[in-house]
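Visitor: Please take a close look at one part of this model. I would like to hear about its aromatic rings.

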Amino acid sequence: VQLQASGGGLVQAGGSLRLSCAPSGRTWNNAAMGWFRQTPGKEREFVAAVSAAGRTTKYAEFAEGRFTISRGNAKNTVYLQMDSLKPEDTATYLCAASTVITTTPDGIEYWGAGTLVTVSS
């Protein structure tokens, strides 16, 4: 089972990036998916999550109004559109999957390797 995260990179403050998570190894249509982020020396931080059907979304306070999580047409791929990026958004962003939608790392069953996002000032 793998969660392939991609789309990270270097962007200037105020810019945008779109992260993608393409799971493989099993069907993820019935799994909730989410994004967390982590910086060295800090715990993983919830960013956003979407339910299996795509009808329910949850966002961290810092992500509200700037980030949008969505599922692809086949429900297997998950995207995180990040707009108005700030230097403090710099982190490794990890794709995650769980049976039910969750905002805590303890509720995650599968983690992806992550993709690095760097926002310059």
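Is Trp111 buried, partly exposed or exposed?

Guide: Trp111 counts as partly exposed, at 30% relative accessibility. The cut-offs are under 20% relative accessible area for buried, over 50% for exposed and partly exposed in between, with a 1.4 Å probe and protein chains only. This is a predicted model: local features need pLDDT of at least 70, side-chain atom pairs count only at pLDDT 80 or more, and totals for chains, interfaces and linings use all residues. Residues are numbered from 1 along each chain as its sequence is written, and side-chain values use heavy atoms, with hydrogens and water left out.

The structure holds three aromatic pairs. Rings of Phe, Tyr and Trp (its six-membered ring) pair if their centres lie within 6.5 Å; planes under 30 degrees apart count as stacked, over 60 as edge-to-face and the rest as tilted. Trp111 pairs edge-to-face with Phe36, at 5.1 Å centre to centre and 70° between the planes. This pair links distant parts of the chain: Phe36 lies in strand β4 (residues 32–38) and Trp111 in strand β10 (residues 110–111), 75 residues apart. Strands are DSSP runs (E, at least two residues), numbered from the N terminus. Phe36 is buried, at 1% relative accessible area. Ring pairs join Phe36, Phe46 and Trp111 into a cluster.

Phe62 and Phe67 also pair edge-to-face, 6.3 Å centre to centre with 85° between the planes. Phe67 is buried at 2% relative accessibility; Phe62 is partly exposed at 23%. The charged end of Arg37 sits over the ring of Phe62, 3.7 Å from its centre. That term requires NZ of Lys or CZ of Arg within 6 Å of the ring centre and within 35 degrees of the ring normal.

Definitions and conventions:
Helix = DSSP H or I, 4+ residues; strand = E, 2+ residues; numbered from the N terminus.
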